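Here is a friendly walk through the structure shown below. Have a look at it first, then read on.

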Amino acid sequence: MSESDIPAALYDAVKRDLKPVRSLVSPELRALALLPVGMVLLVGLPEFWSWKTHVALAPWSSWGTSVVEMLLSLIILAAGFREAVPGRELSSRALAALLCISCAAFILVNATMRSPVGISHVLWLQWFRECIVTAVTFSIPALIAPAWLVSRALPNRPALTGALCGLGVGLMADAGLRLFCWDGDYAHVLIAHGGAILILVALGALSATVIERIKALWLRLRFRYS
Amino acid sequence: MELMIAYQAGDLGAFERLYALLVGEATRYFSRAHRDRSVIHDLVQDLFLEIHRSRRTYTPPLPVKPWIFGIARNVSARNRRAFRLQPGESSEQSSDSALAVVPSDADALDIENALTALPSSTREPWLLHHVFGFSFDSIAARLGITVVAAKLRSSRATRALRLALQLTGKPSR
């Protein structure tokens with residue numbers, strides 16, 4: 001095979017753009033690069049909230065389980081980054097296992113929450129809204145980093161890749177949120193904190209799909225040979 | 001794998017060897033879903049272009065073929081999406097109206113017949129460029145394909161037309 005066997009347009013396009021590139025680092029290392037983001041959500045978010053509202057933070061045992069939840073979120077992000085590389089997509093069995101582990105971890109970790117306090121329905125609703133808004137507000141900037149890392153790859157299933165990143169960031173945010181949440185009621189935790197995670201999953205899926213569409217459009221405009 | 005590493009390092013010869021090694025398999029891969037040879041050819045070119053763009057996503061020492069065929073799935077899916085977004089009726093209309101502007105003498109009839117015989121995927125870029133004067137950028141945007149693909153399809157149509165007109169005894173232009 002020589003130059004003459006490759007269509008001229010393709011050959012010229014490749015030749016014009018050919019320059020050395022560094023291959024992407026492994027998904028695990030890219031997930032590890034998000035450790036600072038995880039630390040901000042795990043430590044910075046509760047400390048900031050405690051400073052702002054003078055709320056008492058959870059006991060040290062809860063911090064331990066939050067660390068476990070944060071580590072799990074890094075594993076899910078690594079799975080998302082792996083999913084974004086062509087030919088390394090996760091099998092449906094692996095995806096199902098990941099989803100089950102995430103749900104189980106979320107339920108079990110939050111089962112160690114402080115005992116519930118008797119509160120009125122009005123306050124319950126207010127705290128419900130507050131938790132969702134806080135988690136989503138703090139997590140959206142955190143979602144930018146994985147979205148950028150995904151955009152550097154070529155996901156075959158962008159919505160799934162984004163959803164995994166959203167799940168990872170959502171669990172990361174929950175790890176911090178549960179440390180300063182006013183309401184220890186299990187129903188509140190499952191609905192409000194779980195709802196925030198679901199919103200982030202949807203946002204992740206949407207953002208990855210949009211990014212892929214924009215990327216395809218940009219590449220189409222960029223690659224020309226004349 | 002060595003070829004891919006060399007390609008990532010900027011070796012054009014590695015790309016040529018990679019193309020030679022994979023073009024057959026890539027053609028067979030797309031042949032499973034498409035019958036039209038020109039569409040398969042376009043998809044193979046799109047695949048190699050996408051391999052070039054995404055070459056940094058390959059991580060040595062992982063096997064190359066799963067990565068390549070992962071990209072092939074992506075190219076295939078993108079083609080399906082572009083096909084869905086492209087309104088079939090309006091494209092037929094534009095082709096028909098383009099044919100209508102050709103003068104109705106004997107030569108024109110031959111050209112019209114040759115054009116009609118072309119698959120719409122190559123006919124349309126050719127008509128849009130040579131008859132309506134659209135730039136390849138506009139054609140690519142309009143048809144939802146890359147600029148390179150638009151040029152490839154148009155040049156393929158030109159070759160096919162030239163061949164068809166030679167067979168009917170008309171001088172090629």
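Two residues are in contact if their C-beta atoms, placed from the backbone, lie within 7 Å. By that rule, 36 residues of chain B are in contact with 32 residues of chain A. Keep in mind that this is a predicted model, where local features need pLDDT of at least 70 and side-chain atom pairs count only at pLDDT 80 or more, while totals for chains, interfaces and linings use all residues. Residues are numbered from 1 along each chain as its sequence is written, and chains are lettered from A and ligands numbered from 1 in the order in which they are written.

So which parts of chain B supply the side that touches chain A? Helix 2 (12-31), helix 3, helix 4 and helix 9 (147-167) of chain B each give at least two residues to that side. Helices here are DSSP runs of H or I with at least four residues, numbered from the N terminus. Helix 4 of chain B has the largest share, with 9 residues.

Over in chain A, the axes of helix 4 (residues 60-83) and helix 7 (residues 158-180) come within 8 Å and cross at roughly 170 degrees. The axes are lines fitted to C-alpha atoms over the stretch in contact, with angles from 0 to 180 degrees between N-to-C directions. Angles over 145 degrees count as roughly antiparallel, so helix 4 and helix 7 of chain A are roughly antiparallel to each other.

Here is how the contact regions divide by class. Ala, Val, Leu, Ile, Met, Phe, Trp, Tyr, Cys and Pro count as nonpolar, Asp, Glu, Lys and Arg as charged, and the others, Gly among them, as polar.

| Region | Residues by class |
|---|---|
| Side of chain B that touches chain A | 18 nonpolar, 10 polar, 8 charged |
| Contact of helix 4 of chain A with helix 7 of chain A | 14 nonpolar, 7 polar, 4 charged |

Finally, A:Trp63 lies in helix 4 of chain A. Leaving aside neighbours within four places in sequence, A:Trp63 is in contact with A:Ala58 and A:Leu179.

Note on methods:
Angles under 35 degrees count as roughly parallel, over 145 as roughly antiparallel, 65 to 115 as roughly perpendicular and the rest as oblique.
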